[in-house]
Structure formats: C-alpha cells, structure tokens
Amino acid sequence: MQTLMKGAAIATLGWMIGSAALAQDAFETWIKTSELGANQPAEENWGEITRKANEEGEVTIYSSSSSVSALAEDFMKLYPKIKVNAYDLGSEKTIEKVVREQQAGIFNVDVVNTAGTAQMIFDLLPNKRIVNYVPRYLTDKIPEELREPLLTQVIEATVLMYNADAYKDGPPVKNVWQLTEPDWKKRFAMKSPLGSLTSLALLASIVEHSDSFAKAYETYAGKPIELSDGIENAGYEFLHRLLKNDLVIYDSGSKLATASGLKWQNNPPITFSSMHYINKNGSDDYANAILYDIDPAGVFAYSTYTSIAGQAPHPNAAKLFIAFQMGSKDLTPDTKVEKPYREGESLKLLQGMAAYFKVGTFSPRTDVPLPKGGEKWPEAKKIFGSAEFQRDNVAAVNDFWVVETSQ
C-alpha cells in the first residue's frame, strides 16, 4: 500500500512538472511569435502591426478605471475593424481575474490596465502573467522609471481636497498635522483601504515617507514628534492620530467628492480623494479645491500601468491598443487641442489620452500638452510610493489599519 502511495505521489509530481514545462514552452512560443519582450524589434513596422491587428479583429481589456468604456469607444472610432471588449473591474478584481483565469489555463485577456504596484511588478510580471510593452518610438519620451519595469499608462493621485466655497480666503490648513487636532474631529474623511488597493497604497506612501511627516510635525509643533506606545514612525503616528480624531471612512470615492465639495455647507470636511474628482466641479457644481501647498504634501501620486497579458490571444491588437492609449506621435507640449476631445482632429491627436485629458490623470510622456486646469501639476509637491516599499510593507500597513480600526 505504501509503495502504491509513493508511486501515485511520484506520478502526480511528474505530471505537475510536465504541465509546468508545457506552460513554459507555450509562453516562450507565444512571446517569440508575438515579437514581445526580448523579441521586440528595434524598429517596429506599424503598418504591419495594424494589418495583423485588423486580422485579429478584437482585443479584450481588463481595467481598474471606469473610463475604459470611453477608451474602447474611441479606439473603435479610429480602428473600426477591431472590436474592443472592455471590463471595468476595479484594481483588486482586475488582478484577481487575470490570475484565476491563467491558473485555469484560460487566456482571454489581451491588455491589463490597473494600479496595484506591488502585485503588478512583483507577482504578475515575474510570473509571466503580463509582459511589459513600450512602443519603441516612445522610449525617449517617457522617463525610465515610468516605463520600466512596467509602462505607466497615466499618473494619478490621491489628494487633499477642501471646499473653496466655504473657505473663500484660501485653504483652512497649511500642515497635515492640523487635521489631527480637535478642530477637525469628525471633519476629515477618506475611502476605506480594505478592498481598495489605491487607498492602501496611499497609507503605505505615508508610512514610507515618515521622515517627511516627522519634519512637518516639528515645523508645525516646534518640537520633535513623540510617538505613541507601539507606533514605530511618524507616518504610522499620523494615521494613528487621524483615527483617534474620529476619521470618517467612506466606501465610495464619489461620496467623498460630495462630502468635501457640496456647496453651501457649514464646516465641510477635508478629504483624501482621487484627484480626478476635481472635475465634478464642472459636472456637479461642486467647489472642491486641492491643497497643493500643504506641508509635507497634498498630492500622493501613483502609476496606473498598462501591459500585455501573458499569452494574449490578440497580441498585435494589444500592441495597437497600448500605443493608442499613449497618444499620437504628432503631439508636442505646444499642441493645441479643442473640446470635444473625443471627436475629430482632437481625437486623432490625443487618441487614448482623450478620455483622460483632464485634471487628475496625467500622461507619463514629457512631450504632450497638459489639460486645462493642470498647470500646477509639474511644480506641485508630490509624494510617490516606491514599488519595493509597497511589496515589503503593504501587508503590515493593512494589519496596522485593521488593528487600529477595531479598537
């Protein structure tokens, strides 16, 4: 009996090794024939890529952005022979769906667009669930840190927002530590990081830049910060004090934009909100404004990445879609584009940038115009979280939040 069990175990192990080898062979064959990775030509023939993409006839996108449907519509305006299947899944579900499908041997998706730095760079990429693809003509137009190891589709940000209608004389706070004081009790809000990779990444960025928060505290209080029992640095201390000050936690970003931006309020809250909600000032008549000059920073920036899925069934359509997302070759910093951006000559120039051409989503390219209202972006004080810190610390940050909010 024992011999039979050993034999079965050996057979199972052999099957697993054989399956892994077959999967590796399939990936290597695919990446070679698709001319991706090390097989990407030094000069790409876009006429040929477009021809092959038209023959493939469709492309499937998994995305964390609600703008993906507009992106799909605009792509099909310029490439009517290619059907776009676009899925707005949120950051966690995008990554989860890619992993689960590929584990089951299902390769449906072509392009993966999402934030989630730690998962994308240190899980999906090394496990060949995605492949980095940067069109050659964009290499010298995008800083290396925004194209390697993964291409940034857009730079987004979580920002501190206040109500400019209620505070007509300007921002009501100049230092983030003011938000931990009694004046702001129950008047500061953010989206829960449980279920939101973006919000969790925000917390990790605060912890990573604890030295900046410590310096800001000393500037504010005139003395070095004293950490609470069990708190290891000023970043964690800031989060600890926010929660002790009855931080208001929302489950929706749009509700945050309403909370801070709705006009005619008395003592409206300040919020950590996605920067793109500033555009609701026009559509919903809100009065949100961004705390650009607060110490140490009011802008916490992050990348939303774009990549080709491993063993994508439509690799040429995927290449074309990624190139489309990044805007046309003809754009320059002085290019003038007029509304409506998603039509006519503006669409031909902006291409996939058209759906994102607004404050809150900025191109990684250095040779394109800024959207109206985004003029402060290049000089704004920004904090970027690193991929390595996210990888090594995001679980600890999550655990800290769970413990603190359960008390």
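## Nonpolar cores

In this predicted model, the largest nonpolar core has 55 residues, and Val59, Phe75 and Met275 touch the most other members. A nonpolar core here is a set of buried Ala, Val, Leu, Ile, Met, Phe, Trp, Tyr and Cys residues joined through side-chain atoms within 4.5 Å; buried means under 20% relative accessible area, exposed over 50%, and partly exposed in between, with a 1.4 Å probe and protein chains only. At least two residues of this core come from each of α1 (2-33), α2 (46-56), β1 (58-63), α3 (68-78), β5 (151-163), β10 (299-309) and α11 (315-325). The largest share, 7 residues, is supplied by α11. Helices (H or I, at least four residues) and strands (E, at least two) are DSSP runs, numbered from the N terminus.

A second, separate core holds 41 residues, including Leu179, Trp184, Leu200 and Leu203. Returning to Met275, its contacts (heavy atoms within 4.5 Å) are Ala157, Val159, Met161, Ile290, Tyr292, Val359, Gly360, Phe362 and Trp377, with residues up to four places away in sequence not counted.

## Confidence

The mean pLDDT, the predictor's confidence in each residue from 0 to 100, is 92 for the protein, and 95% of its residues reach 70 or more.

## Backbone geometry

Most residues other than glycine have a negative phi, and most peptide bonds are trans. Two cis peptide bonds are described here. One joins Glu148 and Pro149, with omega about 0°; Pro149 lies in the loop between β4 (130-131) and β5. Another joins Lys339 and Pro340, also with omega about 0°, and Pro340 sits in the loop between α11 and α12 (344-350).

Lys128, although not a glycine, has a positive phi of about 60°. Lys128 belongs to the loop between α5 (117-124) and β4, and counts as partly exposed because its relative accessibility is 31%. Asp246 is not a glycine either, and has a positive phi of about 60°. The loop holding Asp246 runs between α8 (234-244) and β7 (248-250); at 29% relative accessibility, Asp246 is therefore classed as partly exposed.

## Basis of the values

Residues are numbered from 1 along each chain as its sequence is written, and side-chain values use heavy atoms, with hydrogens and water left out. The model is predicted: local features need pLDDT of at least 70, side-chain atom pairs count only at pLDDT 80 or more, and totals for chains, interfaces and linings use all residues.
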